[in-house]
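Q: Hi! Could you walk me through a few spots in this model with me?

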Amino acid sequence: ILGTTVPGLLISHSLSRAGRPHVLIGGPEPPEKPRLGESLQECAGPELWRHFGREMSECFYPKNHISLFNGESPHVVMFDDPHRTTARIERLADPARRVTFRTAASTLLHLDRSRFDVRLYRRVLAEPACRFVPGRVTHVDFEGTSDRITRIHMEGGRTIETPAYVFDTLAWHAPVAKAAELATKATSAPQRVVWRHYRAEQVSEDALLGRPAREREQRRWWLHGTNLLRPYREADGIEGISWLICLGQAVSCGISLDAESPEAGELDAEQILERLEQAWARRGVDLVERFPERTAAEDFRHAYFVRERAYGRNWLLAGGSFAQFWYPGSL
């Protein structure tokens, strides 16, 4: 398995559960900082909860609504379940239990990646079937006639000869995709993504359960789901697609900008987030008032893509190594 990304760690976890010895090549323990991918899809939430909900319950937060983007405007879909309780959600934390579509309203979940990633890393590396090799993969040898990976090269001159199967989870930098010379198609214009977490010392149990119980909480409907905002340059001084995700005592808020837009080139991360906070406040979302503590801003430029194929004779491009979709363009 190439990479200690979340897909890489989940593949390792699955192989360990099946009793299959394997090698996991990756980096050091990830830091506890805000990460993208906190608003889980309807099927991913119950599935991760079944496997990790009991031991990592502090990483999961129920939500009552999801947001969709049709290319012009965002829409909210409500799944509020009046019977939602912590005990009911915990009953789903059973790997032997089959998850069905009818459980979605009771198990819509956010995932606090700043906590989850490091806990998953520790859990996976402790499995007896997992042999962890610290280091970076530089390139792989690919035999085109048999469509196989024949050798893995690591920094320092180390190699792994004739691997039985290779899972490449290294996203855009996937060495398997490069060795196989796979065509890559862009799925959006290049983006600049800026985000951070906003924290508060205490949030009510009602908010953690995803139910606005009091009138003043009802005005803060945004605490209970995935929210999207389309700021406009004329009104907000910034243009892009923003998200706001409540994670118990924290909120993840950020924006994806066209990398060629004026504000993406002229403003630093703090200036972008300041305008974003004002844009949410202008629409009645008191983000900073509710969650006054700010983490450091995260800022990176990224291209979204899809490869021509995802697998070969003895290899698989897992997760973001095969495709990464900009969420407004993925519906």
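Q: Is W172 buried or partly exposed here?
A: This is a predicted model, and in it W172 has a relative accessible area of 39%. That lies between the 20% and 50% limits, so W172 counts as partly exposed.

Q: And F305, buried or exposed?
A: F305 is buried, with a relative accessible area of 1%.

Q: Okay, how do the rings of W172 and F305 sit?
A: They form an edge-to-face aromatic pair, 5.0 Å centre to centre with 70° between the planes. The pair links distant parts of the chain, 133 residues apart: W172 is in the loop between β10 and α6, and F305 is in strand β18.

Q: How many aromatic pairs are there in total?
A: The count comes to 8 aromatic pairs. In one of them, the ring centres of W49 and F60 are 5.1 Å apart and the planes are at 90°, so that pair is edge-to-face. W49 belongs to helix α2 and F60 to strand β2.

Q: Switching topic: what does the side chain of H153 pair up with?
A: The side chain of H153 makes a polar contact of 3.0 Å with that of D141. H153 sits in strand β8 and counts as buried because its relative accessibility is 16%.

Q: Last one: what lines the second largest pocket?
A: The lining has 13 nonpolar residues, 1 polar and 1 charged. The pocket's volume is about 350 Å³, and the residues closest to its centre are I1, P21, H22, V23 and Y165. Strand β1 gives the largest share of the lining, 3 residues.

Note on methods: Residues are numbered from 1 along each chain as its sequence is written. This is a predicted model: local features need pLDDT of at least 70, side-chain atom pairs count only at pLDDT 80 or more; totals for chains, interfaces and linings use all residues. Side-chain values use heavy atoms; hydrogens and water are left out. On a 1 Å grid over the protein atoms alone, a cavity is a set of points where a 1.4 Å probe fits but cannot get out, and a pocket is an open set with protein on both sides within 12 Å along at least five of seven lines; lining residues have an atom within 4 Å of a point. Grid points are joined across faces, edges and corners, and a volume is the space filled by probe spheres set on the points. Helices (H or I, at least four residues) and strands (E, at least two) are DSSP runs, numbered from the N terminus. Ala, Val, Leu, Ile, Met, Phe, Trp, Tyr, Cys and Pro count as nonpolar, Asp, Glu, Lys and Arg as charged, and the others, Gly among them, as polar. Buried means under 20% relative accessible area, exposed over 50%, partly exposed in between (1.4 Å probe, protein chains only). A polar contact is a pair of N or O atoms within 3.5 Å; within protein, one must be able to donate a hydrogen and the other to accept it, and residues adjacent in sequence count only if both atoms are side-chain atoms. Rings of Phe, Tyr and Trp (its six-membered ring) pair if their centres lie within 6.5 Å; planes under 30 degrees apart count as stacked, over 60 as edge-to-face and the rest as tilted.
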